[in-house]
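User: I am new to this structure and would like to learn how to read it step by step. Could the tutorial begin with the whole chain and then turn to details?

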Amino acid sequence: MMEYDNATIGTGTIIEPDVRVGFRYHPQCGPTTIGANSILRSGTIVYGDVELGNYFQSGHYTVIRAKVRTGDYCTVCNQSTLEGIIRMGTGVRIMSHCYIPSRTWFGNHVFLGPGVTILNSRYPGRLPDIPTPRGPTIEDEVMIGGGVTIMAGVTIGARSFVAAGSVITKDIPPCSFVKGCPGRIEPLSAKLDVEMDRTLTIQSRDLWHPDHDWSQVDWPDDWQESR
Ligand SMILES: CC(C)(COP(=O)(O)OP(=O)(O)OC[C@H]1O[C@@H](n2cnc3c(N)ncnc32)[C@H](O)[C@@H]1OP(=O)(O)O)[C@@H](O)C(=O)NCCC(=O)NCCS
């Protein structure tokens, strides 16, 4: 089913079958805007009151609830959820199976590996979140490894690198390296304190895009059945 009656879609944007855009979640729900040259993959649902930039990409069964705003070149892969009231700058890339709660703020060129869990309530069901539940602030060029958990309300400073599987329990200064549970903070090593490769976050297409060079899509040469 295709339903765009509550949405404006930019030129060159591909919307696959079985995508829902501008979902009227509330009687006063406003429209959704999707920029140019984007791709929404089959199974995606985008609520009303959402603004997605140019070159946005969703994976399959991506959920984008209300009041999400993104800059250009943002990606949210398969089965990841943006719970609503989320701000993303340019080039935020979220891999598959991530959970992003409401009131989470992303700067520019942030990368989240697969299976990242972000929280927005510190003592759920015990103490109130004052004034509201609040997700973290993740500044520019932060790299979050796969399977990381990030506690409510913390700030992860610009250019920091978080090792896979870490648990972030407190504010992280800019240019930090964090590893373990609870996450231990060190300055970035010389190896990681290098300019970010923005081809990771600025992607206008992926492996399965209709315009991708199919000759490049192959099994590794050292796999027996690759010929
Ligand atoms: C943290 C990281 C950058 C370390 O890489 P590295 O500098 O090459 O380090 P090494 O693999 O040589 O490991 C160094 C030590 O750290 C440990 N280590 C490596 N990764 C770790 C992690 N994620 N958490 C805890 N310890 C880790 C190693 O076991 C090793 O310990 P030892 O010295 O006691 O033997 C890397 O392992 C990592 O987590 N990268 C993120 C990858 C990711 O999530 N990608 C997502 C997209 S696919």
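Predicted model: local features only at pLDDT ≥ 70, side-chain atom pairs only at ≥ 80, totals over all residues.

User: What is the secondary structure of the protein chain, and how many helices and strands does it come to?

Analyst: The protein chain has zero helices and 27 strands. Its radius of gyration is 18 Å, close to the 17 Å that the globule rule gives for 227 residues, so the chain is as compact as a globular protein of that length. Along the principal axes, its C-alpha atoms fill a box of roughly 55 × 45 × 30 Å.

User: What share of the residues of the protein chain counts as buried?

Analyst: Burial is judged by counting the C-beta atoms around a residue, and 20 or more others within 10 Å make it buried. By that count, 41% of the 227 residues are buried. As for contacts between residues at least 6 apart in sequence, 27% of them join residues at least 24 apart.

User: Into which domains is the protein chain divided?

Analyst: Domain 1 covers residues 1–70, and domain 2 covers 95–193. Taken over C-alpha atoms, the centres of domain 1 and domain 2 are separated by 26 Å.

User: How should I read a sheet, and in what order do the ten strands of the open sheet stand?

Analyst: Strands of a sheet pair through backbone hydrogen bonds, in either a parallel or an antiparallel sense. Here the ten strands form an open sheet with mixed pairing, in the order β3-β6-β9-β12-β15-β18-β21-β24-β26-β27. At the edges stand β3 (14–15) and β27 (184–187), each with a single partner strand, so one side of each is left without a neighbour in the sheet.

User: Why is β4 described as largely enclosed by the rest of the structure?

Analyst: The reason lies in the burial of its residues: four of the five in β4 are buried, so the strand is largely enclosed by the rest of the structure. Three bridges join β4 to β7 (residues 45–47), and the two strands run parallel. In this pairing, Val-21 has Val-46 of β7 as its bridge partner.

User: How far apart in sequence and in space are Asp-5 and Pro-31?

Analyst: Asp-5 and Pro-31 are 26 residues apart in sequence, and their C-alpha atoms are 8.6 Å apart. For Gln-28 and Asp-211, the separation is 183 residues in sequence and 38 Å in space, C-alpha to C-alpha.

User: Which residues surround the ligand?

Analyst: The ligand is surrounded by Gly-113, Gly-145, Gly-146, Ala-163, Ala-164, Gly-165, Lys-179 and Gly-180. By class, this shell has two nonpolar, five polar and one charged residues.

Conventions
Residues numbered from 1 in each chain as written. Near = placed C-beta within 6 Å. Nonpolar A, V, L, I, M, F, W, Y, C, P; charged D, E, K, R; others polar. Rg over C-alpha atoms; globule rule 2.2 N^0.38 Å. Buried ≥ 20, exposed ≤ 12 C-beta atoms within 10 Å, placed from the backbone. Contact = placed C-beta atoms within 7 Å. Domains from an automatic or database assignment. Pairing = 2+ DSSP bridges.
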